[in-house]
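Subject: Structure for you to look at

Hello,

Here is the structure I said I would pass on. Please open it and keep it in view while you read the rest.

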Amino acid sequence: MLSISTTVFGAENITGNIDLISALGIIKESGFDTIEISRHQKNILARESKIRASGLKVWSIHGLLGYDAASDSATKRQAALDQEFKRMDDTACFAPCPYVVHYTNRVNAPLASKNYRKTIEKLYARSSQLGFDLAVETAPYKPQIDERYPDSKEISNFVRSFGMKDLNMTIDINHSNIHEDIIEVCNNCNGIIANVHISDNHGEWEDHLPPGEGIIDFPAVHTALIKNGYNGPFNLEFHLPETPTVNQLKEIRIRVEKMID
């Protein structure tokens with residue numbers, strides 16, 4: 001089964017991009033039945049009825065959490081929490097489902113780990129109350145931007161330390177194959193994979209290419225995900241240079257279905 005993130009259509013507030021409801025029409029016509037609502041799409045509750053009327057099932061929601069989640073500034077951490085609480089409240093109409101947050105403990109500051117944990121503790125309390133499965137995402141390898149790379153062992157150990165059945169992981173295949181063996185990443189996350197992000201790259205940067213346009217062995221990835229307990233959709237999260245057409249998305253859907261058949 002496949003799903004697709006609405007991130008393929010970009011942010012609605014950028015000139016030239018189409019609105020969410022129009023995007024859903026293209027997604028449905030191209031043969032998808034399931035979506036992830038991207039962090040680029042806001043005001044979800046106000047459009048709940050139109051989203052449901054599209055005939056598409058919401059598989060997952062992407063949160064907004066950024067680097068301030070690990071900040072030494074209590075004011076910045078609270079602002080990050082307040083923004084995320086608002087996002088959760090705005091999308092809770094589609095719970096239960098995975099709610100994706102970035103693992104942003106990527107600096108060498110002495111208190112970053114403790115600060116990030118405090119943030120996730122508070123987010124988890126809200127997400128659990130609302131019926132979400134909080135799904136912490138594997139990090140990209142960005143030495144030009146981040147001070148350090150938290151690998152899948154670190155993130156999976158962090159998630160397991162909570163011991164909560166509704167606090168799990170999102171494996172972003174495009175993030176994790178750059179600096180780790182992607183099959184080993186799946187093994188490291190055994191039993192706690194709530195969601196996946198599927199896109200391709202050339203092994204050097206998170207290119208977010210459609211599957212089949214880079215070097216990732218997706219049949220092997222699919223097998224490894226199932227072996228390690230994942231039973232959700234192959235959730236596509238790629239980027240395109242322009243607004244995708246029905247035919248483009250249909251072609252990509254058929255190609256990926258053949259890869260994992």
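Below are some notes on its salt bridges and on one of its strands.

Please keep in mind that this is a predicted model.

Salt bridges

Side chains of opposite charge can pair when their charged atoms come close. The structure holds 9 salt bridges, and three of them are described here.

One of them joins Arg-47 and Glu-12, with 2.8 Å between the closest N and O atoms. This pair links distant parts of the chain, as the two residues are 35 residues apart. Arg-47 sits in the loop between β2 (34-37) and α2 (48-53), while Glu-12 sits in the loop between β1 (2-5) and α1 (20-29). Glu-12, at 23%, is partly exposed.

Asp-146 and Arg-106 form another salt bridge, and here the closest N and O atoms are 3.2 Å apart. This pair also links distant parts of the chain, 40 residues apart. Asp-146 lies in the loop between β5 (133-137) and α5 (152-160), and Arg-106 in the loop between β4 (98-102) and α4 (112-130). Asp-146 is buried, with a relative accessible area of 8%, and Arg-106 is buried at 5%.

Arg-253 is buried, with a relative accessible area of 13%, whereas Glu-257 is partly exposed at 34%.

Strand β4

How many of the residues of β4 are buried? The count is 5 of 5, and the strand is mostly covered. Pro-98, Val-100 and His-102 point one way from β4, and Tyr-99 and Val-101 point the other way. The residues on both sides are buried.

Which strands pair with β4? Strand β3 (residues 57-62) runs parallel to β4 and is joined to it by 2 bridges. Across that pairing, His-62 stands opposite Val-100 in β4. β5 also pairs with β4 in the parallel sense, over 5 bridges. There, Val-101 has Val-136 in β5 as its bridge partner. Together, β4, α4 and β5 make a right-handed β-α-β unit.

Regards

Notes:
Residues are numbered from 1 along each chain as its sequence is written. This is a predicted model: local features need pLDDT of at least 70, side-chain atom pairs count only at pLDDT 80 or more; totals for chains, interfaces and linings use all residues. Side-chain values use heavy atoms; hydrogens and water are left out. A salt bridge is a side-chain nitrogen of Lys or Arg within 4 Å of a carboxyl oxygen of Asp or Glu. Helices (H or I, at least four residues) and strands (E, at least two) are DSSP runs, numbered from the N terminus. Buried means under 20% relative accessible area, exposed over 50%, partly exposed in between (1.4 Å probe, protein chains only). Two strands pair if DSSP finds at least two bridges between them. A crossover is right-handed if, with the strands pointing away from the viewer, the path from the first strand over the helix to the second runs clockwise.
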